[in-house]
Amino acid sequence: MKNRFEFAVNLARQMGNLTLEYFDSDSMDVEKKQDGTPVTKADRGAEALGRKLIMEAFPDDSILGEELDDKIGSSGWQWVIDPIDGTKSFVHGVPIYSNLVGVQKIAQDGKLEPQIGVIWLPALGRGVCGGMGLGAWEIFNDDSKRRPARVSSVSRLEDALFLTTDCYDFDLVGREGAYDELEEKCRLTRTWGDAYGYYLVATGRAEIMTDPFFELWDAAPMVPILHEAGGVFGNWQGEETIEGREGVATNGALREKVVEILRRYPKTKIPVR
């Protein structure tokens, strides 16, 4: 566990270093995937690097990534990597994109048991990591600056900072009422989203971050990080999971209030983007 934890932190940093070679430069070629979302050489290159390093260190582990085919292993451990979370920010030269690494145990019934998570923000030179039983830590380019990550103690919605990735995403699944209610009840709303928003909650800079839909590789690091930082990540029903294809992170004090609101707004549409 400890070996995988430190390896995951270094892995995210190495993927981040590769993406910085393309970031905010003229060498970036942007393509569109079938779902209309962008992908670049940096996405594919960072994932290929991550897979190579994992296979060298832990050859029997499974690997799931956003851009390349799954690798099935036999160890009962699974790595999930998102080479660039926030590719739209990346291609616009906005420095809040990240490299994500999640590590799970695969239970006998096939359920994933999250153990390790890393959010690395290479253009900012910082991030956050967490391991079950190992704590949550804010990390920097200089690892000697590593410090404990803790969620805030804010206990009233009217004092909370509410974050999301894209307001329109709520409309795509018929959940616009959830956005409207949280925006009305919270002190401040911002779209400092993608994994950057979850980093802000885990380090006490914001209280609520939610996405009305997303994929496993977007969610994979979040449970260990938020859990060990004193908060909660899970689905809109309040379950601590990365498999719900939706997500919300809160500090512990606001969990029930936020979930009570979100439960009122089930998906009514299949997202198309």
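Mentor: The model is predicted, so local features need pLDDT of at least 70, side-chain atom pairs count only at pLDDT 80 or more, and totals for chains, interfaces and linings use all residues. Residues are numbered from 1 along each chain as its sequence is written, and side-chain values use heavy atoms, without hydrogens and water.

Trainee: What makes S10 and S11 paired strands?

Mentor: Strands are DSSP runs (E, at least two residues), numbered from the N terminus. Two of them pair if DSSP finds at least two bridges between them. Three bridges join S10 (residues 161-164) to S11, and the two run parallel. So they pair. In one of the bridges, Phe162 has Thr189 of S11 as its partner.

Trainee: Why are S11 and S13 at the edges?

Mentor: The open sheet has five strands in the order S11-S10-S12-S14-S13, with mixed pairing. S11 (188-190) and S13 (231-234) each have a single partner strand, so one side of each lacks a neighbour in the sheet.

Trainee: Which residues of H5 are buried?

Mentor: Buried means under 20% relative accessible area, exposed over 50%, partly exposed in between (1.4 Å probe, protein chains only). In H5, Gly177, Ala178, Tyr179, Glu181 and Leu182 are buried. The buried residues of H5 pack against S10, H4 (167-172), S11 and H9 (255-262). Contact here means heavy atoms within 4.5 Å.

Trainee: Why is Ala253 called partly exposed?

Mentor: Its relative accessible area is 42%. That falls between 20% and 50%, so Ala253 is partly exposed. Ala253 lies in the loop between S14 and H9.

How values were computed:
Helices (H or I, at least four residues) and strands (E, at least two) are DSSP runs, numbered from the N terminus.
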